[in-house]
Amino acid sequence: MKRACWATLAVITGWGMPLSLLAVTSQTIQVSATIAAGCLVVGGGTNYGSLAFGSYSSLSTSTVSVALSSGVTLQCTPGVTLNMSVNGGLYNASGRHMQLNSGSAQVAYQLFQDAALSQRLGISQSVAVADRNANNLTLPSYGRGVVQGNQPGGTYSDVLQVQLSW
């Protein structure tokens, strides 16, 4: 029996090494992360949408209003203000214009920040993109064009550069 106890003690102590005293120590580990506030543009690639005024007779005269159709979703960190500005386009000598793709005739148009068309969006004017849902922001772009009649037939277009900042 004495021999069995001695063998058990040898296994527990590491085959004859002295028993170490149990000690409890405590130290800290630093844990941290930095989250950069910002915004994310999802979808759309290089095209944020279109303002399609539609088709009209070259003899019609009317004022046409449209909203931006967009495949873009904007998401921002809560508390971050997203700003947008839109340049004057390719044909902006005296305001924004769409130009006949196969000629020089032009149709004037304006951009607005609101659906009521009461707040103009000037050339390169920075405006806040405000919404209650920071995960589903939309660009506030509405257009109004004036079809003047007696315009040459064809497709009129322009390209606008949108800049987002936060």
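Modeller: A term before we start: a pocket is an open set of grid points with protein on both sides within 12 Å along at least five of seven lines. Keep in mind that this is a predicted model.

Colleague: What volume does the largest pocket have?

Modeller: The lining of the largest pocket comes to 38 residues, and Leu51, Phe53, Met98, Ser157 and Asp158 are the closest to its centre. S4, S6, strand S8 (142-147) and strand S9 (156-157) each give two or more residues to that lining. The volume of the largest pocket is about 970 Å³.

Colleague: How many charged residues does the lining of the largest pocket have?

Modeller: Sorted by class, the lining has 21 nonpolar and 16 polar residues. The charged class is left, and its count is 1.

Colleague: Which residues have the most contacts inside the largest nonpolar core?

Modeller: This core has 24 residues. Setting aside neighbours within four places in sequence, Met84 is in contact with residues including Leu121, Val127, Leu139 and Val162. The residues with the most contacts inside the core are Leu74, Leu82 and Met84.

Colleague: Is the disulfide of Cys39 and Cys76 right-handed or left-handed?

Modeller: The sulfur atoms of Cys39 and Cys76 are 2.0 Å apart, and the two residues form a disulfide. Cys39 is in strand S1 (residues 39-42) and Cys76 in strand S3, 37 residues apart, so the pair links distant parts of the chain. Both Cys39 and Cys76 are buried. The torsion about their S-S bond is about 110 degrees, so the disulfide is right-handed.

Colleague: Is Gln99 buried or exposed?

Modeller: Gln99 lies in strand S5. Apart from neighbours within four places in sequence, Gln99 is in contact with Tyr91, Ser104, Ala105, Gln106, Thr155, Tyr156 and Ser157. Its relative accessible area is 16%, and buried means under 20%, so Gln99 is buried.

Colleague: And Pro78, is that residue buried or exposed?

Modeller: Pro78 lies in the loop between S3 and S4. Its relative accessible area is 70%, and the cut-off is over 50%, so Pro78 is exposed.

Colleague: How many Å apart in space are Pro78 and Asn133?

Modeller: In sequence, Pro78 and Asn133 are 55 residues apart. Taken C-alpha to C-alpha, their distance in space is 8.7 Å.

Definitions and conventions. Residues numbered from 1 in each chain as written. Predicted model: local features only at pLDDT ≥ 70, side-chain atom pairs only at ≥ 80, totals over all residues. Heavy atoms only, no water. Core = buried A, V, L, I, M, F, W, Y, C linked by side-chain atoms within 4.5 Å. Buried < 20%, exposed > 50% of the residue type's maximum accessible area, 1.4 Å probe, protein only. Contact = heavy atoms within 4.5 Å. Helix = DSSP H or I, 4+ residues; strand = E, 2+ residues; numbered from the N terminus. Disulfide = S-S within 2.5 Å. 1 Å grid on protein atoms, 1.4 Å probe; cavity = no way out; pocket = protein on both sides within 12 Å on 5 of 7 lines; lining within 4 Å. Points joined across faces, edges and corners; volume = space filled by probe spheres on them. Nonpolar A, V, L, I, M, F, W, Y, C, P; charged D, E, K, R; others polar.
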